[in-house]
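Here is a note to read alongside the structure if you are meeting it for the first time. Keep the viewer open and follow the points in order.

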Amino acid sequence: MISYTGKSIIELNVNGQTASVMIQPSDTLLYVLREKLYLTGAKPGCENGDCGTCTVLVDGWPIKSCLMLAVEAVGHEILTVEGLKYAPVQRAFVEQWGFQCGYCTSGFLMVCHSLSQIHPDANDFVIEQWLQSNLCRCTGYAEIKDAVKSILEGNIKENKP
């Protein structure tokens, strides 16, 4: 077991690249992504795991980065919305009007991308279960669900610029 005391330098695999960052053991992954690596796609919202605006993928699974310490992410693959590049989920959100004010969007994009990878045959129940992890104060859930369904139905296979 590795022990971290005071300031430490850790290596994180973020969006396919290794980054060395100096952290305090109590720094959350959200804080390190935003303030040390300048990846601001994951948003600070409630900062207690309720809203999901800070969602990133860790080894392909959606994680609320406000609840994970940066030191816990060492040795894992972290994917932020900046690393999605041209994922079909982005085009699906545009075509299905899944964007509202945009604050929650990056978290929803990450959850929906993970859902499409882990459960490519998800039914309505599974989609609704996954979408419950994030909050949209603009209440755009129907459009977000339509975006997920369009990906799963194969209507959007790629997203080229």
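What follows is a set of numbered points, from the whole chain down to single residues.

1. **What you are looking at.** This is a predicted model, in which local features need pLDDT of at least 70, side-chain atom pairs count only at pLDDT 80 or more, and totals for chains, interfaces and linings use all residues. Residues are numbered from 1 along each chain as its sequence is written, and side-chain values use heavy atoms, with hydrogens and water left out.

2. **The layout.** You'll find 5 helices and 5 strands in the protein chain. Helices here are DSSP runs of H or I with at least four residues, strands are runs of E with at least two, and both are numbered from the N terminus. Starting at the N terminus, the order is β-β-α-β-β-β-α-α-α-α. The radius of gyration is 16 Å, close to the 15 Å from the globule rule for 161 residues, so the chain is as compact as a globular protein of that length. That radius is taken over C-alpha atoms, and the rule is 2.2 Å times the number of residues to the power 0.38. The C-alpha trace spans about 50 × 30 × 30 Å along its principal axes.

3. Of the 161 residues, 45% count as buried. Buried means under 20% relative accessible area, exposed means over 50%, and partly exposed is in between (1.4 Å probe, protein chains only). The chain exposes about 8600 Å², with carbon and sulfur atoms supplying 51% of it; accessible areas come from the Shrake-Rupley method with a 1.4 Å probe, and for residues only the protein chains shown count as cover. As for contacts (heavy atoms within 4.5 Å), take those between residues at least 6 apart in sequence: 56% of them join residues at least 24 apart.

4. **Helix α1 and what it sits against.** Helix α1 covers residues 29-36, and its buried residues are L29, L30, V32, L33 and R34. They pack against β1 (8-14), β2, β3 and β5 (77-79). After α1 comes Y38, which has a positive phi near 60°.

5. **Helix α3, well wrapped.** From first C-alpha to last, α3 reaches 20 Å, close to the 20 Å expected at 1.5 Å a residue; the expected span is 1.5 Å times one less than the number of residues.

6. The 12 residues of α5 (141-152) should span 16 Å at 1.5 Å a residue, and the end C-alpha atoms are 16 Å apart, which agrees. Buried in α5 are I144, K145, A147, V148, S150 and I151, and their cover includes α2 (88-95), α3 (105-118) and α4 (124-131). S116 counts as buried, at 13% relative accessibility. Just after α5, G154 takes a positive phi of about 80°.

7. D59 is in the loop between β3 (55-58) and β4 (61-64). Its phi is positive, about 55°, although D59 is not a glycine. D59 is partly exposed, with a relative accessible area of 41%. W97 is in the loop between α2 and α3, and has a positive phi near 60°, again in a residue other than glycine. Is W97 buried or exposed? At 67% relative accessibility, W97 counts as exposed. W97 and G140 are 43 residues apart in sequence, yet their C-alpha atoms are 8.4 Å apart.

8. T18 is in strand β2 (residues 17-23) and counts as exposed, at 57% relative accessibility. Beyond its neighbours within four places in sequence, T18 is in contact with E11, L12 and N13. The C-alpha atoms of T18 and Y103 are separated by 27 Å, and the two residues are 85 apart along the chain.
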